[in-house]
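Hi,

Here is the structure I said I would pass on. Could you open it alongside this email and follow along as you read?

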Amino acid sequence: MIPPVGDIPADFSLYAAIFGVFATIFIYSFLWKENPLSRAVEHLFIGLAAVYTLAFMYDAAVSVAFWGSVEEPKMAEGNIIWILPILISLMYFFFFTKKYFYLYRYPVAIVAGIMAGMMICGMIQSNFVAQIQGTVTLPLVGETPEGKPVWGGWPPPGLNSIIIIIGVITVLTFFFFTWEHKGPLGVSTKIGRYFLMATFGAGYGGTVMARISLLIGRLRFLYETSYQDWFWAWYLIPIAIICVIIVALWERSRPKSTPPMTSPAKPTSTEVPPSKPSEEPAAKPAPAKPARKRKSEG
Amino acid sequence: MSVVVKRYIPLAITFVMGILMVIATYFLAPDTDLRKGTSYITAAVDVLVATAGIIGLVVLLRHHGLNISRRGKYWKYSMITIIAVILYLLVGINAIATHEKHLMYAQEFFSWVYNKVYAHMDATIFSLLAFFIASAAYRAFRLRSLESSILLVVGSLMLLGRAPIGGAVWEGFPTIATWLLNVPNTAGNRAITIGIAIGAISLAVRQLLGVERGYLGPER
Amino acid sequence: MTLPKISQIDRRYLYILVFIFVSIPLLSPLKLPIPVSEHTRRVYDVTQALPTGSVVIESFDFGPATITENRPQAKAHIAHAKHLGLKMVVVAFWPSGAPIADEVLKEVYGADFPSISGYGTNIVYIGYVPGNEVGMQTFGDNIMAAKGIDHYGTQLGNFPLMQQVRSAADIDLWAEWTSGTPGEQQVIQFVQGRHGGSSAVPIVAGGTAVSVPGMMPFYQTGQISGILNGLAGAGEYESLLNVAFNYPYAQGPSLDAQSVGHLLIIAFVIIGNIGYVISKYRGGKSS
Amino acid sequence: MSIINEGLVASFVLLIIVLAEILISLFLTRAGKYMPKIRKIPGLEAIEEAVGRATEMGRPIVYTTGLGGIRDQWYYQTVAGLSIMGYTAELAAKYGAKLIYFPYDPTIVPMAVDVMEQSYIRAGKPEAYNPENIQYLGGDQFPWAFGVLGAVHREQAAAAIHMGPFWAEALILAESGFYTGAIQIAGTANYHQIHFFVVACDYALIGEELIAAGAYLSKDPTQIGSLWGSDFGKITAVILVIVGVILTVAGVTALNDFFAL
């Protein structure tokens, strides 16, 4: 069901939803290859996004500087001080001049300073102190906060604590920049890298879950949205797919006089051989050395 | 002189604002007037950068306008962008002119376009990830070394444990997934978090002292 | 097709397989049982333990892109809080979260929200609070400095609830529904950290399954009291509420599709590796 | 009524310790007293190779700094990304490759223009600088991501470098960049996305490696000193953890009481 929005006629919502189906399929057609339909949606989307960004930046500024309350008067209530940030903000426009170009740096400098100061305090408290505190208060003897014995059950909470402590220390050593990873430090960084990989694996598993959820959301939109009991998506999906196929065929049948690439792609064999990623133990476990012989589907 | 105005004054401003925020956090007690004063400075950030949205729009229009006038590659698509900008901007300006609180975003038609047109494209592009993640799983997860095997095994166990089917097959899977999330994952993420905190503070120091290059325009 | 070739299937076939396999359970649900995880149960318990009249902040910090995961979480929690008679201040620190919150509130409280009897005393919808984490910090210090009017244009000072709730010190629970930044970490850093830690401002968070692993260190330290993990978390919470007061359990088909999707991805990993291992043993060039 | 706000004493003391470590090592290297050796970060070494490859193939390099602006909490990653962009642009100018940069937040458009122009001037080729190579794509996550995606495919980019704060678009960029055959170097400190870069890209910078990159590439003693200092910060963390654990096992709560201050 599409609820009517304010004074916007319900028909409008239907058109918008139909557009939504077409946009969905056109964007999915990108998975096949970059094509005129996906390109059109892309350009439309970028245009809308630029205005949308402007709108919410404008809205944020207006609601901070202009509309206040009796307790917190802003410009609308006669608090003139708020004109100051507006004036400084206008210095951004010197970006368009050649001579006074550098004046844009003033608002940037103010904001950067504020953010740096805020970040220092936030980082040290929640990312440093609280995390170290959380590590040293892990249960190792006696009972856990829930009243279970630390060395009972499987896996015992005490063992978990020890694993976390070892993990934190070894991964931290991995990030040392000015010491060579040799000797005991080398062992530690190696263990640290295993921990990092386990972390990344857990992250990857979680992400797969999230991404499948997104697809599910989209598919439920396609399959379940109806307008007055008319499940239009069932009819529109084939039409949209046919559009994609037609455009694909049309593109293929066009003479190759206007190659869509910047430079004519050379045959792969003459390409610079992909220089080998160094086998040094570092950021990457085993670089998924892509088969660069595979050409893109251009 | 000019290098002072161009470079040193902005750096000095950055330094002063940074120190001010640190002082406000540690030394100004909450609910005092001074602390409130600094909360107005933080609130003003959004006003300070507000004009940048216009700069972005102008840069975008200039790029596509030039492309059309030169009949460059894909100039027809550039027209789509420009038409979209103009139409949506008109809706927005109409919103400012008619809406009582002068908020573009709260205006019905403006947010209607967002919710009913824009949001579909947004969610669809996001869901492309489900496909990309499938192909990444297929091509990149290989048992090359002990390290990549750890990544692969942990990832697969998480997949089994976090979906209902894992628990239906063997009830151990959810337990293992929760353990992986609570123990090794916590350890790794915590160390990364601590490392990032130190790195970010070190970058902030470089920045406040004005030695980080590539920021605020290098020496000119 | 020889075996090593199965490590070189064109990705487009994989895409079609994903599309088809995820569609099947949506069209004919499998009705698998769902176990409730510890993280979800904590959210339920923390909320359930609040005395009637406690103040909860419901923060909508996600955009339309993740409504599949975050929206049912937030909706279920708001329905739960309403059922328990808690007072709610609803905000959005993402501009795109504001219309979603409006929609959700209209679904929970009826279509004529905010023209309902409890508005202003039991619930206030502030709408979008600008400024990202800076806005959050300002909000925590002094709500009315962050925003003077509610989503519908009324002055905040007019509401009895807002007279009572001045800053983060006056709230009993912060429910954070987020898919990014600003999100739970910013609440921890800029609100909880500045107002006396997790005992003063407990946080429950609902995240996309991506961000949940990153939340775990904060969960372990108690900075976050409970977590809803993506769509599964929402489904688990719905099933808890379904038992408690017959809240509709709508995520069944989605969770089935989730299971099928996961199995498919695992199958891809295995197939990819079979080809890889075989070609390695034959001494052929690995791809 | 204490001087330092309640609950923040421990963090203030540790902040002073960490700052002192960074500042002292910074001044030591600046004065030339000691020059630490930095371990190699392969991802950064690979940038030159990527630029060289792009030059030989005659195809552009696509550069992004993720969803960063200067007004958000992750701006430190954006600053790091811009530093690496300056370095990449200098190399590109030197070799004559085309570098296209896609800023996300409009607030960094002027900074990007500034940085890129300076890099071309430093490389001695100011005439090669083209402002058209900085393309704004609307400051919203997925339009931006889709725009970069389309550009990578249409321009057949030879290299894609992503350095900065990334969210969901990380895998979109990394996976589709792979299918155009681009050499991919990526780094982020957003730990919920690092694994994508580790899995799908040729080189990945993990967490702090990205933040340190500006200092690493600059070879400027002052900046390298700050890296050295941040290593001391990590040692402090390790020592605190070890001492804290020993004290906890011994039943001494002094350190925990200190943290709670």
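The loop between helix H4 (52-69) and helix H5 (75-98) of chain B holds Tyr74(B). Have a look at its backbone: Tyr74(B) is not a glycine, yet its phi is positive, about 60°. Keep in mind while you look that this is a predicted model.

Chain D has a residue of that kind too. Lys219(D), again something other than glycine, has a positive phi near 55°. You will find Lys219(D) in the loop between H8 and H9 of chain D. Is Lys219(D) buried or exposed? Its relative accessible area is 58%, and the cut-off for exposed is over 50%, so Lys219(D) counts as exposed.

One more backbone item, this time in chain C: the peptide bond that leads from Phe113(C) into Pro114(C) is cis, with omega near 10°. Pro114(C) belongs to the loop between helix H4 (97-109) and strand E3 (123-128) of chain C.

While you are in chain C, go to strand E4, residues 173-178. Why do I call this strand largely enclosed by the rest of the structure? Because 6 of its 6 residues are buried. Leu173(C), Ala175(C) and Trp177(C) point one way from E4(C), while Trp174(C), Glu176(C) and Thr178(C) point the other way, and all are buried. That puts Glu176(C), for one, among the buried residues of E4(C).

Which strands does E4(C) pair with? One is E1(C), residues 55-61, which runs parallel to E4(C) over 6 bridges. In E4(C), Ala175(C) sits opposite Glu58(C). Another is E5(C), residues 203-207, also parallel, joined to E4(C) by 5 bridges. There, Gly207(C) in E5(C) is the bridge partner of Thr178(C).

Helix H8 of chain C, residues 184-192, is mostly covered as well, with 9 of its 9 residues buried. The buried residues of H8(C) include Glu184(C), Gln185(C), Gln186(C), Gln189(C) and Gln192(C), along with Val187(C), Ile188(C), Phe190(C) and Val191(C).

Now for chain A. Its secondary structure is 7 helices and 0 strands, so to speak α-α-α-α-α-α-α from the N terminus on. Chain A has 298 residues, and 59% of them count as buried. Among contacts in chain A with a separation of 6 or more, 40% are between residues 24 or more positions apart.

On to the interfaces, starting with chain A and chain B. The size of an interface is often given as the accessible area lost when the parts come together. For chain A and chain B that area is about 11000 Å², with 79% of it on carbon and sulfur atoms. On the chain A side, Phe45(A), Tyr52(A) and Arg105(A) lose the most area to chain B, together 6% of what that side buries. In residues, the contact involves 115 from chain A and 118 from chain B.

How many salt bridges are there between chain A and chain B? The count is 1. Arg193(A) pairs with Glu147(B) in a salt bridge, and their closest N and O atoms are 2.9 Å apart. At least two residues each on the side of chain A that touches chain B come from helix H1 (10-28), helix H2 (36-65), helix H3 (83-90), helix H4 (105-136), helix H5 (157-174) and helix H6 (183-224) of chain A. By class, that side has 86 nonpolar, 21 polar and 8 charged residues.

Chain B also touches chain D. This contact takes 64 residues from chain B and 69 residues from chain D. The buried area between these two chains is about 5700 Å², and carbon and sulfur atoms give 69% of it. Here the rule finds 2 salt bridges. In a salt bridge between Glu175(D) and Arg139(B), the closest N and O atoms are 2.9 Å apart. Residue pairs in polar contact between chain D and chain B number 11 (both at pLDDT 80 or more). On the side of chain D that touches chain B, H1(D) gives the largest share, 9 residues. That side of chain D divides into 42 nonpolar, 14 polar and 13 charged residues.

Cheers

Methods: Residues numbered from 1 in each chain as written. Chains lettered and ligands numbered in written order. Predicted model: local features only at pLDDT ≥ 70, side-chain atom pairs only at ≥ 80, totals over all residues. Heavy atoms only, no water. Contact = heavy atoms within 4.5 Å. Buried area = accessible area lost by both parts, 1.4 Å probe. Salt bridge = Lys/Arg side-chain N within 4 Å of Asp/Glu carboxyl O. Polar contact = N/O pair within 3.5 Å; in protein donor to acceptor, adjacent residues only side chain to side chain. Helix = DSSP H or I, 4+ residues; strand = E, 2+ residues; numbered from the N terminus. Nonpolar A, V, L, I, M, F, W, Y, C, P; charged D, E, K, R; others polar. Buried < 20%, exposed > 50% of the residue type's maximum accessible area, 1.4 Å probe, protein only. Pairing = 2+ DSSP bridges.
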